[in-house]
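Subject: Structure handover

Hello,

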Amino acid sequence: MTAEIFNKATGVSSSVPLNAINLDTPSVVRIQLSRADVQNFERQGNDLLIQLRSGETIRIVDFYTATADGVGSDLVIQEPDGTMWLARPGSGPQFYELVDWGELVPGSALANETGGGAGILLPALGLLGAG
């Protein structure tokens, strides 16, 4: 399984294995995964750890490194049915449905993917429970 990385500065995308996600610059990281598979997010230094219910951990190196003007990285979870969710690490996993996610990286391949709407994030009605 791979992750797709979209560089926010250039719009260039690349695919990398899930065990080799290293960000050099603020990016959007898209992972094909069910939200129900995510148990927790954890910050470790500048890295984001995605802890899965299976016991596996996905590390995104330098996820929390931002530019001088505050531009940071984003994590997008793509469900098996194609819906996409913006993940917000915090106290427990939080997800917001993306209606038009091309605005995360204008001018990239993301901007060409359909989603309708006008850049609106819809809050998920439920957060993942602990059990």
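The model is predicted. Start with the open sheet. Its 4 strands come in the order E3-E7-E6-E5, and their pairing is mixed. The edges belong to E3 (21–22) and E5. Each has a single partner strand, so one side of each has no neighbour in the sheet.

Next, the pairing of E5. This strand covers 38–44. It runs antiparallel to E6 (residues 47–52), and 6 bridges join the two.

Ser27 sits in strand E4, which spans residues 27–32. Is Ser27 buried or exposed? Its relative accessible area is 2%, under the 20% cut-off, so Ser27 is buried. Which residues does Ser27 contact, leaving aside neighbours within four places in sequence? They are Ile5, Phe6, Asn7, Lys8, Ser73 and Asp74.

Ser34 is in a loop, the one between E4 and E5. Its relative accessibility is 18%. Buried means under 20%, so Ser34 counts as buried too. Its side chain makes a polar contact of 3.3 Å with the side chain of Glu79. With neighbours within four places in sequence set aside, Ser34 is in contact with Ile77, Glu79 and Pro80.

Best regards

Definitions and conventions
Residues are numbered from 1 along each chain as its sequence is written. This is a predicted model: local features need pLDDT of at least 70, side-chain atom pairs count only at pLDDT 80 or more; totals for chains, interfaces and linings use all residues. Side-chain values use heavy atoms; hydrogens and water are left out. Buried means under 20% relative accessible area, exposed over 50%, partly exposed in between (1.4 Å probe, protein chains only). Contact means heavy atoms within 4.5 Å. A polar contact is a pair of N or O atoms within 3.5 Å; within protein, one must be able to donate a hydrogen and the other to accept it, and residues adjacent in sequence count only if both atoms are side-chain atoms. Two strands pair if DSSP finds at least two bridges between them.
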